[in-house]
Amino acid sequence: SSSQPESSEAPDAVSSENTEKAKIRIAAIKGPTGLGMLKLMSDAEEGSAANDYQFELVTDPNEVVAKISTGEIDAAAVPTNLAATLYNKTEGNVQLAALNTLGVLYIVTNGEEIGSIGDLRGKTLYSSGQGSVPEYALNYILQANGLEVGEDVVVEYKTEHTELASLLIAGDISLAMLPEPFVTQVTTKNPDIKVALDMTEEWDKAVDSKSVLTMGCVIVRKEFAEQNQDAFNRFLEEYKESVAYTNEETEAAAKLSEQFDIMPAAVAQKAIPNCNIVYLDGAEMQGKVADFLNVLYEANPKSIGGKLPGEDFYYAK
């Protein structure tokens with residue numbers, strides 16, 4: 001279906017049309033990827049946003065997969081490797097519009113002395129996120145430091161971040177890799193737990209700063225973006241402002257986080273500075289993502305849906 005050509009005649013009709021806001025249905029995952037949208041969600045609720053945004057918060061990325069494939073939602077915040085997987089799955093009908101979360105992974109310890117990746121030799125490290133970015137990133141960093149999983153380091157996966165956090169707090173395990181905001185939760189609940197390594201820094205060292213650990217992004221259905229380009233570009237502008245608000249007005253953003261049931265205000269306020277919430281689009285986004293996806297692809301083609309996305313994967317304003 002083609003979008004209507006704009007009529008240069010009948011100015012009355014045009015101005016009345018402009019008062020009607022474009023509807024954009026957006027899904028966000030509860031967690032760091034949703035934090036950058038807080039101000040936008042608040043503006044949408046008050047009716048002061050440029051478009052008519054309808055937000056849906058989900059806990060499982062798989063809910064997004066189904067809804068974007070069937071066209072029930074137009075845009076979504078998802079893990080970066082899932083964006084590539086969806087592009088492949090929908091035969092190019094999903095585009096990457098912006099990066100919104102860089103690295104949020106940390107190695108935390110309870111009594112273990114870990115000052116470098118090399119110190120993990122001979123240890124058992126517990127982690128969550130098997131089959132997604134955390135596993136691929138960890139394996140890559142370990143290999144770059146001369147450590148083989150299963151030989152030099154044992155990595156045990158738990159399916160839920162919350163389960164891993166509980167084991168740490170209880171003192172049942174002493175070494176784990178966790179994402180924010182769980183890092184903030186465990187260090188708040190058990191003062192013996194310390195952050196030992198920032199995996200974003202370790203990634204930068206491992207890849208010699210050629211790519212960036214990019215955990216989360218915003219995707220859009222290609223068909224929707226083509227038919228509503230102006231509205232979608234307005235969304236990106238407002239989203240960029242919303243990210244700045246989260247990073248700069250942390251206290252106010254934390255209150256919104258509780259209001260929208262993403263995470264309690266006290267946790268959000270401490271976690272936001274460590275969540276690497278960003279807004280990157282265009283050439284800068286493409287430069288960072290292409291290399292990152294390449295690393296994932298070489299580690300495991302399945303991680304990005306079997307093949308590297310084409311140029312049309314990258315949305316251009």
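Which residue forms a salt bridge with Glu-202? The partner of Glu-202 is Lys-205, and the closest N and O atoms of the pair are 3.2 Å apart. A salt bridge is here a side-chain nitrogen of Lys or Arg within 4 Å of a carboxyl oxygen of Asp or Glu.

The structure is a predicted model, in which local features need pLDDT of at least 70 and side-chain atom pairs count only at pLDDT 80 or more, while totals for chains, interfaces and linings use all residues. Residues are numbered from 1 along each chain as its sequence is written, and side-chain values use heavy atoms, with hydrogens and water left out.

**Salt bridges**

Across the whole structure, a search finds eleven salt bridges. Side chains of opposite charge can pair when their charged atoms come close.

| Pair | N to O distance |
|---|---|
| Glu-112 and Lys-123 | 2.9 Å |
| Glu-202 and Lys-205 | 3.2 Å |
| Asp-281 and Lys-317 | 3.3 Å |

Asp-281 belongs to the loop between strand 11 and helix 14, and Lys-317 to the segment after helix 14; this pair links distant parts of the chain, 36 residues apart. Helices (H or I, at least four residues) and strands (E, at least two) are DSSP runs, numbered from the N terminus. Asp-281 is partly exposed at 23% relative accessibility, and Lys-317 is partly exposed at 47%. In these terms, buried means under 20% relative accessible area, exposed over 50%, and partly exposed in between (1.4 Å probe, protein chains only). Salt bridges with shared partners also join Arg-25, Asp-74, Arg-221 and Glu-223 into one network.

Glu-202 and Lys-205 are three residues apart in helix 9 (residues 199-206), so about one helical turn separates them. Glu-202 is buried, with a relative accessible area of 8%, whereas Lys-205 is exposed at 58%.

Glu-112 and Lys-123 form a salt bridge. Both lie in the loop between strand 5 (105-110) and strand 6, so the pair ties together parts that are eleven residues apart in sequence. Glu-112 is partly exposed at 22% relative accessibility, and Lys-123 is partly exposed at 26%.

**Strands and sheets**

Strands of a sheet pair through backbone hydrogen bonds, either parallel or antiparallel. An open sheet of six strands has the order 2-1-3-10-4-11, with mixed pairing; two strands pair if DSSP finds at least two bridges between them. Its edge strands, strand 2 (52-58) and strand 11 (277-280), each pair on one side only. Strand 1 (residues 23-29) runs parallel to strand 3 (residues 75-79), and two bridges join them. Ala-27 has Ala-76 in strand 3 as its bridge partner.

Elsewhere, strand 6 (residues 124-127) and strand 7 run parallel and are joined by four bridges. Tyr-126 has Glu-156 in strand 7 as its bridge partner. Strand 7 (residues 154-157) has Val-155 and Tyr-157 on its covered face, and Val-154 and Glu-156 on its uncovered face.

Met-285 lies in helix 14 (residues 282-299) and is buried, with a relative accessible area of 0%. Leaving aside neighbours within four places in sequence, Met-285 is in contact (heavy atoms within 4.5 Å) with Leu-96, Ala-97, Ala-98, Leu-99, Leu-280, Tyr-314 and Tyr-315. The C-alpha atoms of Met-285 and Ile-304 are separated by 17 Å, these residues being 19 apart along the chain.
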